[in-house]
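I opened the notebook to record what I looked up, one topic at a time. The entries follow in the order I made them.

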Amino acid sequence: MDNWPIYAAAGWALFLGVVGGLLTPLTAWYFNLKKPAWQPPNWLFGPAWTVILGLAGWSAANAWYAADNDGERRAVVILFAVNGVCHLLWSPLFFKLRRPDWALVEVVFLWASLVALIVGLWPISVLSSLLILPYFAWVSFAAVLNRAIVRLNGPFGR
């Protein structure tokens with residue numbers, strides 16, 4: 001039973017990956033959007049998210065084990081739960097509702113949840129904090145890409 005945090009973190013990462021993928025339909029609408037020349041190829045997003053969420057799962061389990069008390073463990077759960085909600089909100093805004101402009105607003109909250117993870121995990125486990133950096137870098141890049149798509153295609157909602 002000592003390994004349950006590992007299973008929980010792996011399950012959470014898998015859940016975020018699967019649900020995030022299901023909320024990201026690549027339809028004609030998406031393919032017809034104007035995108036900057038520097039956008040990565042579509043095939044790269046799945047592997048990138050797999051690595052990023054795997055590292056986040058490792059970070060969560062490691063932070064749980066590194067926590068000195070129930071308050072720190074509660075903080076770990078809250079930080080990752082808030083991030084998970086923010087993570088799951090972006091795709092439906094962009095892809096399902098076809099509102100990259102709303103997704104651009106939401107990505108600020110996702111980015112802030114990652115800053116909170118990096119800062120909040122640091123005193124508990126430096127390694128756990130560092131494992132979030134690729135996620136932070138990818139979301140930072142995705143925010144810039146999201147902004148470029150809004151600029152090239154807006155306004156939306158007409």
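Entry 1, charges over rings. I looked up lysine 35 and found its charged end over the ring of tyrosine 30, 4.3 Å from the ring centre. A charge counts as over a ring if NZ of Lys or CZ of Arg is within 6 Å of the ring centre and within 35 degrees of the ring normal. I also noted arginine 73, which lies over the face of tryptophan 64 at 5.8 Å from the ring centre.

I am reading a predicted model, in which local features need pLDDT of at least 70, side-chain atom pairs count only at pLDDT 80 or more, and totals for chains, interfaces and linings use all residues. Residues are numbered from 1 along each chain as its sequence is written, and side-chain values use heavy atoms, with hydrogens and water left out.

My search of the whole structure gave two salt bridges; the term means a side-chain nitrogen of Lys or Arg within 4 Å of a carboxyl oxygen of Asp or Glu. Side chains of opposite charge can pair when their charged atoms come close. Arginine 73 forms a salt bridge with aspartate 70, at 2.9 Å from N to O. Both residues lie in helix H4 (residues 70-96), three residues apart, about one turn of the helix. I took helices as DSSP runs (H or I, at least four residues), numbered from the N terminus. Aspartate 101 and arginine 99 form another salt bridge, at 2.6 Å from N to O.

I used relative accessible area with a 1.4 Å probe and protein chains only: buried is under 20%, exposed is over 50%, and partly exposed is in between. Aspartate 70 counts as exposed because its relative accessibility is 53%. Arginine 99 counts as buried because its value is 14%.

I found proline 5 in helix H1 (residues 4-22), and it is buried at 6% relative accessibility. Which residues does proline 5 contact, leaving aside its neighbours within four places in sequence? They are Ala61, Trp64 and Tyr65, with contact meaning heavy atoms within 4.5 Å. The C-alpha atoms of proline 5 and glycine 57 are 9.6 Å apart, although 52 residues separate the two along the chain.

Entry 6, aromatic pairs. I recorded 13 aromatic pairs in the structure. Rings of Phe, Tyr and Trp (its six-membered ring) pair if their centres lie within 6.5 Å; planes under 30 degrees apart are stacked, over 60 edge-to-face, and the rest tilted. Tryptophan 4 and tryptophan 64 have ring centres 5.2 Å apart and planes at 70 degrees, so the pair is edge-to-face. Tryptophan 4 is in helix H1 and tryptophan 64 in helix H3, so their pair ties together parts 60 residues apart in sequence. Tryptophan 4 is partly exposed at 40%, and tryptophan 64 is partly exposed at 22%. Tryptophan 29 and phenylalanine 94 also pair edge-to-face, because their ring centres are 5.9 Å apart and their planes stand at 70 degrees. Tryptophan 29 lies in helix H2 (residues 28-32) and phenylalanine 94 in helix H4, so this pair ties together parts 65 residues apart in sequence. Phenylalanine 94 is buried, with a relative accessible area of 2%. I listed one aromatic cluster formed by Trp29, Tyr30, Phe31, Trp90, Phe94 and Phe95.

Methods. Helices (H or I, at least four residues) and strands (E, at least two) are DSSP runs, numbered from the N terminus.
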